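Okay, thanks for making time, everyone. I've got one model to walk you through, so let me put it on the screen.

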Protein chains: 2
Amino acid sequence: MSSVPERLAAALAEWRVVLGDAQVRSDPATLDAYASSTALWPARPSAILLPQNRGQVVDVVRVAARYRTALYPLSTGRNWGYGDACAVLPGQVIVDLSGMRGILEANAELGYVVIEPGVTQGQLSQFLAEHHFPYWLDCTGAGPDTSLVGNILERGFGHSPYGNRVQHVCGMEVVLADGDVVGTGYTHYPDARAARVFPYGLGPWIDGLFTQSSLGIVTSLGLWLMPQSAALSHFLCNVPSQDGVAAVVDALRPLRMDGTLRSVIHIGNDLRVLSGGMTYPRDIVTRPLPEQTRVALCQAAGIAAWTVSGALYGSTRQVAAARHALRQALAPLKLAPRFIDERQLALAGTMARLLGTTAAGRKLAARVALGRSLFNMNRGRPDGRFLAGAYWRRQGGLPPDFPAGADPARDNCGLLWLSPVLPMRGADLQAVMALAAPLYVRHGFDLFATFSMITERALGGVLTVAYDKADARESADAQACYHALFDTLMVAGYLPYRVGLQSMAALDPAGDGFWRTVRRIKVALDPHGLIAPGRYQPPSGANRQSAS
Amino acid sequence: MSSVPERLAAALAEWRVVLGDAQVRSDPATLDAYASSTALWPARPSAILLPQNRGQVVDVVRVAARYRTALYPLSTGRNWGYGDACAVLPGQVIVDLSGMRGILEANAELGYVVIEPGVTQGQLSQFLAEHHFPYWLDCTGAGPDTSLVGNILERGFGHSPYGNRVQHVCGMEVVLADGDVVGTGYTHYPDARAARVFPYGLGPWIDGLFTQSSLGIVTSLGLWLMPQSAALSHFLCNVPSQDGVAAVVDALRPLRMDGTLRSVIHIGNDLRVLSGGMTYPRDIVTRPLPEQTRVALCQAAGIAAWTVSGALYGSTRQVAAARHALRQALAPLKLAPRFIDERQLALAGTMARLLGTTAAGRKLAARVALGRSLFNMNRGRPDGRFLAGAYWRRQGGLPPDFPAGADPARDNCGLLWLSPVLPMRGADLQAVMALAAPLYVRHGFDLFATFSMITERALGGVLTVAYDKADARESADAQACYHALFDTLMVAGYLPYRVGLQSMAALDPAGDGFWRTVRRIKVALDPHGLIAPGRYQPPSGANRQSAS
């Protein structure tokens, strides 16, 4: 067969025929835009394909198979902190599915939709409101323009009782590397009546294969929606001491396990909360933030060492029962959760307006805006405000269109996320913090940490390395900090739940049977390695040190 | 290579070396015992292997690979109504894992166990009680001697908030056809701390591949346990008319969807309830039961057209809130659920003892025994009493050791189960009943039906064909009835959630992409087809008519 550039040229010519010229891009400006990243290792693609429907995706892979050109599918490419819109390796052809924005089916009686990869949180939220669907969407904090399918296929988590998103998928359609189309669950039976209400179908349940995967291109999936609840109570609990958080985890675990707390409870440290309301004070030329500044800023903003937050969903009686249980669980620790409802938030908004542009008024207004964003998110109206932390070290701070147009990659934010999973125990939270904190200090970064109760038994940690991408030295330090953290947490057994592109090769240090099996399945379904080469495909026994 | 019998003989000789003589059986009496079945198409195996640990399972498959002998793994072989301990095809070598009874890990803080395939419901229940674990086991009604792993790998359902069992698995160990050992989730990372609290791991989530599958032999899995709840309230609701049940489904759906009803609610018809308390009155020589007899028996026993039952778990306040919601939902239908607690059951027991051997006393005692079994099951203490329906047409009725030693296959019960999945809508329940009822009448059987709220959006139906295996004519009728039902429900789009061995070949009528993909994975993992040939492996485009 001919050379790589020759094959690519021939494939591009064919793609232009099947997709049309406007849906095949290889101009430098477009390629640059796709290479923009919050990370330091952007992979510049060789072309961008923009199929508009399932049939065109099949056409795309058939041409790719003929010319052996590697494809890299993405939904809307907003995988910030984990690789953005970049392929694992440079020179691949991006298959951007953001034009596939179909809500193919919507069932108000049974509470589900069938959506394509380009459907965003904002779009679905608006759709449900316009059609008066009595359901809420589970939202992530990544804002309205992010793809639901993309996040789900990375096994992302939202915040509501439907926050464990992969568990609310019912039936996928997948295009394989040879163009074969696979319906999972019951969806491959054309007359199936329960295709969107029973995920497992008959025979092997294969849906999980296509998450964190290079095995196929998902072109649609069924997604269950959360019934709107009559009552919704937010709660906040300040934990005054660093060490005090461990007992809180242990006190809340039984409530998460027994179903009293059905949503994803968040536990954030002071810097995480602080970074949601401001960027780094640039009058300080050193980093990380000096201890006394941190303490002063947090005191001024009323931020405790740790903040526990969440929402209680249900009927009025159920929410009252959950409030009672929460108070009972925290009372022995001398902690009292504050419950906040719409009425109180509205009252605070009125007060803020009365206080006007005074310092107290501005402070209260900022809090009300954050509260409003939180309330909206928990009701399925996504908000970009929670991306503020990505801008912490950005020169120029938050852009004028924040939070509406938040886009950390476009805005040249430096952002790396590490997401270790822990047993839901205070001692494990403390162990992760004890491993991470000295590395942050050594490399000069501020440790933003959240730990979320993502299952009934596990905490999902998110550790942020926010850095100034315009500063080469700081960028190099961020890279070193990331790799030190990644390696330290891996060795300690706190494995990530998902990884950025830079760590894909480090996932099979021992050459084990799991990854051998995944490789065998990959060869069976994609023998020429056309789809997403390198994505969750570690080489066997790769050195534990991640590539740097 | 040599002939099949020669290869088998050579393999048996090697298995005797690696397992020991006592763990390799091929005497006729043992082979007969394994061929006993509630179905009419038992497959007599050629040998039985009894490995006692994971290493021996690896040895077994390695020998099988060398001699190309087909293996058929089973856990305890109590897959009654769906094929019992039989392989799909005769002449296979059964790998009976019932000797692997290890509870390999038990964590009281995080609420899980790691169990081998031979661990039974009764064994785990006893283990939890003996070790004072504050958790309950989710039970099925199939009695104490059934395997948890076996049921989970068939994607069976229990009754409690943990009734959707496959969703409570966390990490599997699987032996592939070449002896490779695969740990799923995080379990393949030796130091992983969250291996039993976070099921998904890194990279493709492959656990589902090994359910309803021939892709490997599962040798252990992590299972989450349900925290004991402070309050537990059972409820029953009689629905007086056949048609009235549709409105009940529609009224309860919102409560199941919003999490008010967290356990698997059951809806059983009159014959299903009746068959739990008696066998067919043999003084009647015709079948099915004449309408007037059915009405008279149900009236005498106080059985309504449909009985809705379930249990509410939670704190006292949560259960009170759920009771309130349930009452509110049923009030517009003029239905009132009865709530029953331990105190009331104890009171009824006392009354029954006072009434002694009078007719009223015996009737009350029978009800109390059934209630006791139900309460026990919902608290994780399994009971064989719910297998009574399998004995409905058995000559001789219930055996003397019932329910303790209930074993429908050994007792020569005729039992075929069909399990269509429906959207959780009254109209779908009515549609399935309207399709099934005339077929039961035509073939002369009594239609026992239950519909269970197995997910938040789906009903799992179980239709029983109970027949007299000692009567050749009746057995042939049962077979015809089963196939007519199976084909009718498939065509109507009410697909089963699992199938008996006789229907494995009928699952890919159209030759679709899903089953092509499963076949490709099978070839990748088991190229010589050594594990469970025929199990959920339909030939492509098989005639829609199932084999008869």
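Some housekeeping. This is a predicted model, so local features need pLDDT of at least 70 and side-chain atom pairs count only at pLDDT 80 or more, while totals for chains, interfaces and linings use all residues. Residues are numbered from 1 along each chain as its sequence is written, and chains are lettered from A and ligands numbered from 1 in the order in which they are written.

So, chain A. It has 14 helices and 19 strands; those are DSSP runs numbered from the N terminus, H or I of at least four residues for helices and E of at least two for strands. Its radius of gyration, over C-alpha atoms, is 23 Å, close to the 24 Å that the globule rule (2.2 Å times the number of residues to the power 0.38) gives for 548 residues, so chain A is as compact as a globular protein of that length. The C-alpha trace spans about 70 × 55 × 50 Å along its principal axes.

Now, how do the chains relate?

Next, helix packing. H6(B) and H9(B) pack at about 150 degrees with axes 9 Å apart; axes are lines fitted to C-alpha atoms over the stretch in contact, and angles run from 0 to 180 degrees between N-to-C directions. That makes the two helices roughly antiparallel, the word for angles over 145 degrees. B:Ala251, B:Leu252 and B:Leu255 of H6(B) make the contact with B:Ala325, B:Leu326, B:Ala329 and B:Leu330 of H9(B).

Over in chain A, H12 (residues 426–443) and H13 (residues 472–491) pack at about 160 degrees, axes 10 Å apart. H12(A) and H13(A) are therefore roughly antiparallel too. Among the residues that meet here are A:Leu439 and A:Tyr440 from H12(A), and A:Ala484 and A:Leu485 from H13(A).

Technical notes
Parallel < 35°, antiparallel > 145°, perpendicular 65-115°, else oblique. Contact = placed C-beta atoms within 7 Å.
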